[in-house]
Amino acid sequence: MKASDICAVVFVALSSVASPGWAQVPGPNNAITDVPGIKVGHFTGNPLTGTTVVIAEKGGQGVAGGVSQRGGAPGTRETDLLRPENLVQIVNAITLSGGSAYGLAAASGVMQCLEGQGVGFPVGGGNVVPIVPTAILFDPGRCGAPFNYRPNFSFGLAACSAARSGPVQEGNVGAGAGAVSGGVKGGLGTASVVLDKGVIVGAIVAVNSVGATFDANGNLYAAPLELAGEFANLIPIEGGPPPHMSKPAAVPGGLLRNTTIAVVATNVELTKTQATKIAQMADDGLARAIKPTHTPYDGDTVFAVGTGRISMATLGDPAFAEYVIGSAAADVLSRAVVHAILSAESTPCEKSYCDLFPNACRNRKKGAQK
Amino acid sequence: MSRDRRSSSYACAAAVFTLFSVSASWAQTPGPLNAITDVPGIEVGQYTSTDATSGGGTGTTVVVSRAGAVGGVSQRGGAPGTRETDLLRPENLVEKVNAVVLSGGSAYGLAAADGVMLCLEAQGIGFPVGPNQVVPIVPSAILFDPGRCAPFSRRPDASFGLAACNAASGGPVQQGNVGAGAGARSGGSKGGLGTASTVLSNGIIVGAIVAVNSSGRTFDTEGNFYAGFLELGNEFPLAPPTGADVVPPSNLLQNTTIAVVATSARLTKAQATKVAQMADDGLARAIKPSHGVGDGDTIFVMATGTDTRDATNLVNGIGSAAADTLSRAVVHAILAAQSIHVDSCNVKSYCEQFPQKCAK
């Protein structure tokens, strides 16, 4: 057994100890949409940038949400209302978008889309105000694209209109379309896990990090968290990285050029306070998959929602259930990061991980469906 | 504080004012415009949309610092609608804001900031991210006014922000039923937009602008402004109390008071945050209750830094003045607000309810 395999076994064993009695298998689509009540829509621009919308509902109403905002250069909307002491108890959708702060405009299109469906916080007279927290990442002007080409109102409208359950496209799509990550092409990834008692946890992430997702040899930090062969038998790299990857990727001179943004969802009914705690624990999944993370140049932001299909009361001690869900959310988010990197495709400006380390990915069929 | 036309009920207020004066130990006078634009480098632009048939209005107010101002925020109301408040936390990278947008329209009105960003980008104003590439830093907060005497779908969008930003200038600032205060209401009376400024004896200038759309009232049951005792010069008309004509609040869960405080001092982000927190007490003194469940009360600070002295030992005085200036801006908003009486749309201004007080 190779040293890296031993490490993987130890890691998995520790995970199992942390979640006694809770088996973990991916959901049918291994996507955040495995969580009932979650729909995802992308709109991808050309040149590469885009918007991803996660819609969350129970009985046509919004669901409880929380946020962890720990990156140093955030661009956000409606995170204040998510604080547990504040009035609005629901979110209807979360927007992840490229475009730096300009991309916050996408949320206005999502609001119009949802209002057209009568979805939102009711304010009387049959009127609603959709609650759409949002975070952006920096991608404008990459790879020769015009700096003023970036997600706007129409991107959000289109992404929201395209939202559906079922499989979720990954890689160079939606908010991950223009993403880069620690010297390779970044992208959009998703994953899910089914725990005991019917608990499902899913994650979706747009990886656009200063830090890399792999070590000095090119091995992905979060590879040991693989469930059911989902990474297609990544092969540990023995020979080390290409010469130009042997030191950390230089931070571009302009700074503020990164940010990883994510949503985790569970089918368990959460309060805002619980959703906040789940978001905080999920954020550790970024720390395990990307190094460094939450830097001054990353606006890393993780949202959490609970779609309320399962009552917390059916899960025994609520604090322990929260602990298990939060642990699972972190692992699912780490796995979603790996999916994003493995699904990303090379552009004329950035090589994908699998093109940079073809040996690691050689068991993985190009374009394989999960 | 000795004007004899005031009733004895002001004795207490006068005593409180004296205490304030002693603690601050700084003479305070309003700036020449008694407006936030008295702070050098601060410009204000407003766009107001009024429904001709119903009389209902809404709008957007933008406070611009073309050179950038160190930002902070205090977000204590229970139903906020905000953009870019996370980046204002002291530990985060970006230090300067280029503009702050206050807007009607509930969360829909956050779109106004999109227009402000495009307006500033076209002028090359923003956080530099590359050659000729900027990202304007534009924190924003909204208040709830849609559907008041106008269709619910009438609310600020990107075009409002663009127009308000293009109209930004120094000089006098229009108050009352304008900009973000156009559709505002306050404790059952017409709310509005107000501004004020203070020049401290050490030369530092503090200004405030506020859109008052509060569930709580700004005056007691006799019509006395809670913040009346903070008057500087003769900026408020303060006649003796009269009979009550207090309109009951309409909807306690659909409000929000939003404000910007600007100062010429050179503050760090952490200091600007502290000033925002202290300024927020100015709302508490002028509006009762404030920071309620249905109020998304949010106060931004913009420190332009044209006064370059180290502010470490000045933060307390600046914060105290910011609170008082904000309280006075609230009174100006209520005094400048105008009644609306168009068909079934009726909301009385303070001055219609207490005409004797506004006779001045």
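This is a predicted model: local features need pLDDT of at least 70, side-chain atom pairs count only at pLDDT 80 or more; totals for chains, interfaces and linings use all residues.
Biologist: Leaving aside neighbours within four places in sequence, which residues is A329(A) in contact with?
Modeller: Close sequence neighbours, those within four places, are left out. What remains is V201(A), A203(A), V264(A), I278(A), M281(A), A282(A), G285(A) and A304(A).

Biologist: Which element gives the largest share of the largest nonpolar core?
Modeller: That core has 228 residues. A329(A) and L333(A) are among those with the most contacts inside it, and so are V63(B) and V261(B). In general, nonpolar side chains tend to be buried together in soluble globular proteins. The largest share of this core, 14 residues, comes from helix 5 (residues 318-343) of chain A.

Biologist: Which strands of chain A does helix 5 lie across?
Modeller: Helix 5 of chain A runs at about 140° to strand 11 of chain A. The strands of chain A that helix 5 lies across are strand 11, strand 12 (200-207), strand 13 and strand 14.

Biologist: Which are the edge strands of the open sheet of five strands in chain A?
Modeller: The sheet has the order 3-14-13-12-11, with mixed pairing. An edge strand pairs on one side only. That picks out strand 3 (64-69) and strand 11 (187-194) of chain A.

Biologist: What is the average angle between neighbouring strands of this sheet?
Modeller: Direction is ignored for this value. On average, neighbouring strands are turned against each other by 15°.

Biologist: Which elements of chain A do the buried residues of helix 3 pack against?
Modeller: Helix 3 (residues 153-161) of chain A has buried residues including F155(A), L157(A) and C160(A). Its buried residues pack against strand 1 (38-44), strand 2 (50-56), strand 5 (93-97) and helix 2 (106-116) of chain A.

Biologist: Turning to chain B, why is strand 11 largely enclosed by the rest of the structure?
Modeller: Both faces of strand 11 of chain B are covered. G192(B) and L200(B) are among the buried residues on one side, with L193(B) and V199(B) among those on the other. Strand 11 (residues 192-200) of chain B is largely enclosed because its buried residues number nine of the nine.

Biologist: How many bridges join strand 11 of chain B to strand 12 of chain B?
Modeller: The two strands run antiparallel. S197(B) stands opposite G207(B) in strand 12 of chain B. In their hairpin, G203(B) takes a positive phi near 95°. The bridges between strand 11 and strand 12 (residues 205-212) of chain B number eight.

Biologist: Which strand of chain B gives the most to the side that touches chain A?
Modeller: The contact takes 32 residues from chain B and 33 residues from chain A. Strand 4 (82-83), helix 2 (112-122), strand 6 (127-130) and strand 7 (133-135) of chain B each supply at least two residues of the chain B side. With three residues, the one that gives the most is strand 6 of chain B.

Definitions and conventions:
Residues are numbered from 1 along each chain as its sequence is written. Chains are lettered from A and ligands numbered from 1 in the order in which they are written. A residue is buried if 20 or more other C-beta atoms lie within 10 Å of its own, exposed if 12 or fewer, and partly exposed in between; C-beta atoms are placed from the backbone. Helices (H or I, at least four residues) and strands (E, at least two) are DSSP runs, numbered from the N terminus. Two residues are in contact if their C-beta atoms, placed from the backbone, lie within 7 Å. A nonpolar core is a set of buried Ala, Val, Leu, Ile, Met, Phe, Trp, Tyr and Cys residues joined through C-beta atoms within 7 Å. Two strands pair if DSSP finds at least two bridges between them. Axes are lines fitted to C-alpha atoms, for helices over the stretch in contact, and angles run from 0 to 180 degrees between N-to-C directions.
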